[in-house]
Amino acid sequence: MQEELPWKQPDDGELEKYADRTRRSLIARLHDWQDQRSWDEFYRTYWRLIYSVAIQAGLRDDEAWDTVQETILTIAKQSRNGGYDPQKGSFKKWLWHITIWRIKDRFKLRTPETAPADSVDADNQPDLTEESFEQVWEKEWQRNLIKAATERVKMQVKPKQFQIFDYCVLRGMSTVEVRRKLGVSLAQVYLARHRVGALLRKEIEELRKNER
């Protein structure tokens, strides 16, 4: 059962479509940077986190997508000068600060004519201070961690194996229901649960390294 979100999330298919469009635009802007493949992977891992926090901060959908791009561009530019320094704190907190800076920038660009009538403006922003870290960022970080790890695993296994795991584990269907619905054997169900589950745990652990 999915956790209820404090904000209305767009249809997942539509969200992925916009994310892919933003990714292509972003990579095009990074055309003269080294290792585009790594930046592409970075985007796929963290776009949802940045977008979700921007939306919850009170930005419009288009402003949230701009925040995603500007946050990652800022990180890319900083990488030329050394970027993230683990001696100064965790990657999670470093990304938090950059994201908040870019969110605040979007509020500053608002005018009375462009700001929605029911939204916050540059003079009345939501709590984007250190104190709000646990309330918003931590929750979205953990949700994004699972989502990003799942997407990584999805690209490593056969579609049928992931579908079995999705029904059994993510959707909580019984083994009997999965066998009947997908027309697979008991052995296939157990194999998929074991293999995909092991890969998912590995990816989650890899992403958790960025929390330290």
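What is the volume of the second largest pocket? The second largest pocket has a volume of about 430 Å³. This is a predicted model: local features need pLDDT of at least 70, side-chain atom pairs count only at pLDDT 80 or more, and totals for chains, interfaces and linings use all residues. Residues are numbered from 1 along each chain as its sequence is written, and side-chain values use heavy atoms, with hydrogens and water left out.

**View 1. The whole chain has 8 helices and 0 strands.** Helices (H or I, at least four residues) and strands (E, at least two) are DSSP runs, numbered from the N terminus. Buried residues (under 20% relative accessible area, 1.4 Å probe, protein chains only) make up 41% of the 212 residues.

**View 2. Thr150 sits in helix H5 (residues 133-154).** Thr150 is buried, because its relative accessible area is 11%. Beyond its neighbours within four places in sequence, Thr150 is in contact with Phe162, Leu170 and Leu200. Contact means heavy atoms within 4.5 Å.

**View 3. The second largest pocket is lined by 18 residues.** On a 1 Å grid over the protein atoms alone, a pocket is an open set of points where a 1.4 Å probe fits, with protein on both sides within 12 Å along at least five of seven lines; lining residues have an atom within 4 Å of a point. Volume is the space filled by probe spheres set on the points. Arg44, Thr45, Trp47, Glu151 and Met155 lie nearest the centre. Helix H1 (12-29), helix H2 (36-57) and H5 each give two or more residues to this lining. H2 gives the most, with 8 residues.

Conventions. Buried < 20%, exposed > 50% of the residue type's maximum accessible area, 1.4 Å probe, protein only.
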